[in-house]
Amino acid sequence: MFSKVLIANRGEIAVRVIRTCRRLGIQTVAIYSEADVDSLHVSLADEAYLIGKPRVAESYLNIEKIIEVAKAAKAEAIHPGYGLLSENPSFARRCEEEGIVFIGPKADVIAAMGSKIEARRVMEKAGVPIVPGVSFALDGADEAAKAAASIGYPVMLKAAAGGGGIGMHIARDEAELRQAFEGSQKRAASFFGDGTMYIEKYIERPRHIEIQLLADSYGNCVYLWERECSIQRRHQKVIEEAPSPFLDEETRRKMGEAAVRAARHIGYANAGTIEFLVDEQKNFYFLEMNTRLQVEHPVTEEITGIDIVEEQLRIAAGEPLRYQQEEIRRDGHAIEVRIYAEDPNTFYPSPGRITAFSAPQGEWIRHETAVQSGITVTPFYDPMIAKLIAKGPDRQTAIERLLEALRDYRVEGIKTNIPLLEAVLSHPAFQAGDTTTDFLLKHWKPLKTK
């Protein structure tokens, strides 16, 4: 096992990784920007190094500076968390070149899965169902229209690089597709440095369900069941739960086996997630692979009892998996909400100074955050400030516990999306398990808060 790990991230995920490292007796090295000098991860780590100015390009995305700090601190490994450089093959490759263990898959695997077009090709070869569409880069709006005509409307226009819903657009006819193409392409190029676009059939009223994987370097791979992540705003997840209220045991098993088959096909090692779209008939289609720890990993940990960060560390240190598939238990139900510093009606970020902060506590409540009273939420980073997770013996109990916890949650000085989260959890459709990706589009107006 490692003796010292640098965490190339910030905020709640850095705090989360520190917690497991501390339990395992591993020293931690934090990095921080000028804007994060007072962040909780800085004070919790054994060592902390300033790496640059507030903007991510000048701090958390500065590969050479992070490598320099890791070498100076004599860190044996780097945990990238999620976002930022976690799925950057150049970063993983630089770690390999410098003899620093990257806690994640190999650079070539990250690169292959980082392109959604290439990922489609790979998954098709692995025998994993993919959404009908094209697996090549579109050369302009004319080619997009030709492809859409063969697939059939509605279609989803997508950027081949990046994520977070950027560059995505649903088109229900050719005029809408042509109107959206150039703007989506420019937006993708601006955010990801790559304006490559492709197109898929739009699945009506789908569910977004993903399979959590663990794979070692010896060919062993298991799935830790699924997470339902269908409650989204702007194609970004807001509420996640495990297990899915929609799947039956046969579909659950088929999806898990397909995910394992895919991971083995590409020689995957470490924690990873295969994301699927599932239609109303329980047909499932590959969406993308996340070659990193997911934001929503706590709900899986809660129902399996497995510390996924610990398993990441052990796999990266060369240890074989400690579990056989039949040993992966599923106990109870867990739901996570992402708490954002944003207006609950417009979803616009709400940066500012937190003047008062207190989080609920309880046996069945888990809280992940790096903020506290007096901290300033800056406009430089993702507006998520915390995750709140509740577990119960069944889904209804988990919902009730989470609602009670949200009512006790106190944040002053900024706006948060807590009123929206309460409204969603209380909605009859959510409570009935009717959690398709269009939930907020369908119910948003009635959920608007004052």
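Two strands pair if DSSP finds at least two bridges between them; strands (E, at least two residues) and helices (H or I, at least four) are DSSP runs, numbered from the N terminus. The model is predicted, so local features need pLDDT of at least 70 and side-chain atom pairs count only at pLDDT 80 or more, while totals for chains, interfaces and linings use all residues. Residues are numbered from 1 along each chain as its sequence is written, and side-chain values use heavy atoms, with hydrogens and water left out.

**View A. Strands β6 and β8 in an open sheet.** Strand β6 (residues 155–159) is joined to β8 by 5 bridges, and the two run antiparallel. Ala159 stands opposite Met197 in β8. The open sheet has 3 strands in the order β7-β6-β8, with antiparallel pairing. Because β7 (169–171) and β8 (197–201) are edge strands with a single partner each, one side of each has no neighbour in the sheet. From one strand to the next, the twist averages 30°.

**View B. Helix α6 on the strands.** Helix α6 (residues 116–125) lies across β6 and β8, at about 50° to β8. Angles run from 0 to 180 degrees between N-to-C directions, and axes are lines fitted to C-alpha atoms, for helices over the stretch in contact; contact means heavy atoms within 4.5 Å.

**View C. Helices α12 and α13.** Helix α12 (residues 395–408) packs against helix α13 (residues 418–426) at an angle of about 155°, with the axes 10 Å apart. The pair is therefore roughly antiparallel (angles over 145 degrees). Residues making the contact include Ile399 and Leu402 of α12 and Ile418 and Leu421 of α13.

Conventions. Parallel < 35°, antiparallel > 145°, perpendicular 65-115°, else oblique.
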